[in-house]
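The stops below are given in the order in which to select them.

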Amino acid sequence: MFGSLFFFSLFKPVIEEMRGLLPLYRDLCTLSNRQARRKAGAVGSRCGFCGTRSNSKPQPRFGLLFDIDGVLVRGKQPIPAAKKAFEKLVDSQGRFVVPVVFVTNAGNCLRQTKADQLAHILGVPITQDQVILSHSPLRMFKKFHDKCVLVSGQGPVLEIAKNVGFNNVVSVDMLRESFPLMDMVDHNRRPKLPSSPVGNLPKVEAVILFGEPIRWETNLQLIVDILLTNGNLSSVHQTRKTPHIPLLACNMDLMWMAEAHSPRFGHGTFLVCLENIYKKITGQDLKYEALMGKPSELTYHFAEYLIRSQALQRQWELPVTSLYAIGDNLMTDIYGANLYNRYLEERVARKNPKAVAQMASGAGSGAAVPREEEGDNLWESELALPSATSCKSVLVCTGVYNPNVEVPPDASHCIKETVFHGHRDFRFDPALVEPDHIVQDVAEAVQRIFEQEKFGPQ
């Protein structure tokens with residue numbers, strides 16, 4: 001129950017914002033079904049998932065969730081096995097033969113930009129509706145969209161923030177320009193002459209962390225300043241025990257795989273720095289309004305929704321019941337897929353009294369068993385229910401994962417700082433970092449999945 005209850009409480013404010021979306025979704029589905037029946041046999045658009053159903057070809061009952069870095073590319077270089085894998089996934093007309101979503105914790109660009117990059121590297125048509133970035137769920141945090149928010153990261157952070165719905169955005173560079181005496185670590189960037197704060201920026205009401213910045217010392221200093229002054233840099237630090245302004249973070253990857261032989265620092269490392277600095281100064285834990293990106297359960301729920309949407313576009317009548325998440329990182333890709341699989345299993349168990357009884361007898365009389373009233377997550381009632389009943393994790397050896405390093409079977413005997421690379425707010429559970437399959441590369445992963453599903457040429 002840890003997975004479902006943890007994310008239920010974490011994303012409850014978000015889910016409340018979703019009310020009213022289900023009627024719209026149902027209307028769209030009804031309209032799509034009517035149009036599909038009227039246009040049966042017509043030729044679809046050029047996108048990789050649009051088109052019509054062919055009775056002569058097998059219809060998939062599974063969907064694929066691909067991580068990008070360390071699975072398909074390393075830095076800007078494609079992994080050789082990637083093109084081989086996608087030769088199996090795209091037909092002679094350039095259409096995918098199974099629904100595919102790319103789920104990445106990258107967050108320094110727009111979805112369309114990432115789709116264009118992937119299309120160029122893989123040589124197949126990819127639309128932005130097939131891409132989930134770590135910041136994609138921010139669209140649902142509507143209660144913050146009209147507040148003044150400070151954004152941290154690199155790339156077009158102001159454009160990204162506005163693209164996901166924020167209307168009043170301040171960057172760290174804008175803060176530094178208005179308060180030039182705040183950034184003092186780099187002696188060469190210190191003001192040469194005495195200066196006074198410009199102070200023409202509004203009070204910051206929330207902080208959004210998109211990804212790792214370029215100048216960590218500047219961002220760490222100014223973010224801590226904002227948190228300790230309640231969003232007003234004209235005032236002094238307040239370190240007494242009072243809640244800080246809301247903080248939302250995307251991308252918890254401690255490390256990621258680029259062209260170098262060993263993994264590089266990710267945004268998760270920046271978060272570790274921020275959390276420890278804040279606690280050292282205040283004695284209190286830094287609190288997050290929400291954490292997004294893998295291994296967040298909400299990210300996988302959204303991915304499953306996109307998989308179903310693609311199947312609907314292709315007029316595939318069979319429900320997609322199985323998901324396969326292919327990644328290179330035990331603490332994000334595998335943990336997240338297994339966590340979502342646990343949620344799906346619990347959801348199936350809630351609808352099967354015998355399964356619930358078996359869980360109770362196996363867990364002992366004092367164990368918590370999923371109950372209908374506590375298991376019906378609000379997002380299930382407000383959004384379409386998942387058709388998937390399982391999410392299998394597939395680990396490749398072309399990225400972060402090192403097959404020579406073992407994961408301790410007993411969580412109580414592990415040293416978190418050296419073994420558990422997940423985020424502070426996620427519990428280490430050895431079962432969640434155990435992949436269903438370990439393969440050499442993404443081509444072998446696709447081949448293994450096709451064999452498992454008895455789909456396509458073997």
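This is a predicted model. Start by selecting strand 8, helix 8 (residues 216-228) and strand 9: together they form a β-α-β unit, and its hand is right-handed.

Keep strand 8 (residues 206-209) and show its side chains. In a regular strand the side chains alternate between the two faces of the sheet. Here A206 and I208 lie on one side and V207 and L209 on the other, and all four are buried, so both faces of the strand are covered.

Strand 9 (residues 247-250) runs parallel to strand 8 and is joined to it by three bridges; look for L248 as the bridge partner of I208. Strand 6 (residues 148-152) also pairs with strand 8 in the parallel sense, over four bridges. In that pairing, V149 stands opposite A206.

Now move to helix 5 (residues 111-122). Its 12 residues should span 16 Å at 1.5 Å a residue, and the end C-alpha atoms are 16 Å apart, which agrees.

Which residues of helix 5 are buried? Select R111, K114, A115, L118, I121 and L122. They cover an arc of only 130° around the axis, which puts them on the same side of helix 5. An α-helix has 3.6 residues a turn, so residues three or four places apart point the same way.

To see what covers these buried residues, show elements including helix 4 (80-89), strand 4 (100-103) and helix 10 (297-313). Strand 2 (73-74), strand 3 (77-78) and strand 5 (131-132) are also among the covering elements.

Methods: Residues numbered from 1 in each chain as written. Predicted model: local features only at pLDDT ≥ 70, side-chain atom pairs only at ≥ 80, totals over all residues. Heavy atoms only, no water. Helix = DSSP H or I, 4+ residues; strand = E, 2+ residues; numbered from the N terminus. Expected span 1.5 Å × (residues − 1). Buried < 20%, exposed > 50% of the residue type's maximum accessible area, 1.4 Å probe, protein only. Arc of directions from axis to C-beta. Contact = heavy atoms within 4.5 Å. Pairing = 2+ DSSP bridges. Right-handed = clockwise from strand over helix to strand, strands pointing away.
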